[in-house]
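Trainee: Could you take a close look at one part of this model with me? I'd like to go through the packing slowly, piece by piece.

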Amino acid sequence: FSATYVFDDSITDSSVVGGAGVVQRYIYFQGPEGGVDIAIDNVRFGLKPTPAPTPSPTGVPTPEGWTPPIPSGPYITAESSSELINIPDPPAPVMLEGPNRVGCPHFDSGLMSWNDPATWGGTVPTVGSDVTLPAASRVLVSETVPGTLGLVTVPASSELVFGENPSGIAFDATGIDVRGTLTAGSETCRLETKVVITLHGTRPTDLNIEGKSATTHTTSTYKGISVEGGRLELHGRRYSRTWTRLAKTVEPGDRTILLQHGVNWRVGQRIVLVTTAV
């Protein structure tokens, strides 16, 4: 080095004197020969050059003792550069399962079965047909409806109710227009078996910049569930917790993951592992 540096205890961690910059727990000597980092742990220190003049920020030599302006604090120090953040646990949800459930719409009396010809005046809806529920009716779908229906309309005075089936329920249509109520479970009676509603159709070839077709499929029910003045309630199984922390690092090849909390996850569900930086 072209200058001799000595420690000055009066200078704090955030000070800069001459060509020596002090940042947290490191001191950087910036001289003609380049720079070198020297780590000094948990020590408040400073530097002052003697006797050679030090360069200013513009590179022009300055008189001995020149000190650049130091911006006002607060400063980031080694003690304040990191912080322990506690992420609070979410409140435990009310888990009503199995026989403890109450208020199950699909167990109500007075429901009419979708598969009963009497519900439709003699003929169960067939594949491809548009279907309108009878007025002032509550129709229960308790098993898979075969094929793909056309537009299914629920009048303002009616309700379409999905129930439970150990084999699952599949319901396919080009659209559903809900002016009354479409219900699958309730807040106190979440469905515990799978219900899959699939909407079918072909993308129009004349869509404009707004995504609308001037010739075909202009209704809001095309490949959609439209709720106009009606009510849509879908309540499936609740999973808790939906996130947790690892209780042990997962190594490549591990077949077991240890968690910090109990969960009710099911076989076949996907688990995402994210960074532990948070």
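Which residues have the most contacts inside the largest nonpolar core?

Mentor: Keep in mind that this is a predicted model. The largest nonpolar core has 20 residues, and the ones with the most contacts inside it are Trp-114, Val-152, Leu-160 and Phe-171. As for where the core comes from, β9, β10 (148–154), β11 (159–162), β12 and β13 (181–184) each supply at least two of its residues. The biggest share comes from β12, which gives five residues.

Let's start with Leu-160. Leaving aside residues up to four places away in sequence, Leu-160 touches Trp-114, Leu-133, Val-139, Val-141, Val-154, Phe-171, Thr-181, Leu-182 and Thr-183.

Now for the rings. The structure holds three aromatic pairs. In one of them, the ring centres of Trp-114 and Trp-120 are 4.9 Å apart and the planes make an angle of 70°, so this pair counts as edge-to-face. Trp-114 and Trp-120 are both buried. Trp-114 also pairs with Phe-171, again edge-to-face, with 5.4 Å from centre to centre and 85° between the planes. Trp-114 belongs to the loop between β7 (112–113) and β8 (131–132), while Phe-171 is in strand β12 (residues 169–178), so this pair ties together parts that are 57 residues apart in sequence. Both partners, Trp-114 and Phe-171, are buried.

Most residues other than glycine have a negative phi, and most peptide bonds are trans. Ala-136 has a positive phi of about 55° although it isn't a glycine. You'll find Ala-136 in the loop between β8 and β9 (138–141), and Ala-136 is exposed, with a relative accessible area of 66%. The other spot is the peptide bond from Ser-240 to Arg-241, which is cis, with omega near 5°. Arg-241 is in the segment after β16 (231–234), and Arg-241 also lies over the face of Trp-243, at 4.4 Å from the ring centre.

Note on methods:
Residues are numbered from 1 along each chain as its sequence is written. This is a predicted model: local features need pLDDT of at least 70, side-chain atom pairs count only at pLDDT 80 or more; totals for chains, interfaces and linings use all residues. Side-chain values use heavy atoms; hydrogens and water are left out. Rings of Phe, Tyr and Trp (its six-membered ring) pair if their centres lie within 6.5 Å; planes under 30 degrees apart count as stacked, over 60 as edge-to-face and the rest as tilted. Buried means under 20% relative accessible area, exposed over 50%, partly exposed in between (1.4 Å probe, protein chains only). Helices (H or I, at least four residues) and strands (E, at least two) are DSSP runs, numbered from the N terminus. A charge sits over a ring if NZ of Lys or CZ of Arg is within 6 Å of the ring centre and within 35 degrees of the ring normal. A nonpolar core is a set of buried Ala, Val, Leu, Ile, Met, Phe, Trp, Tyr and Cys residues joined through side-chain atoms within 4.5 Å. Contact means heavy atoms within 4.5 Å.
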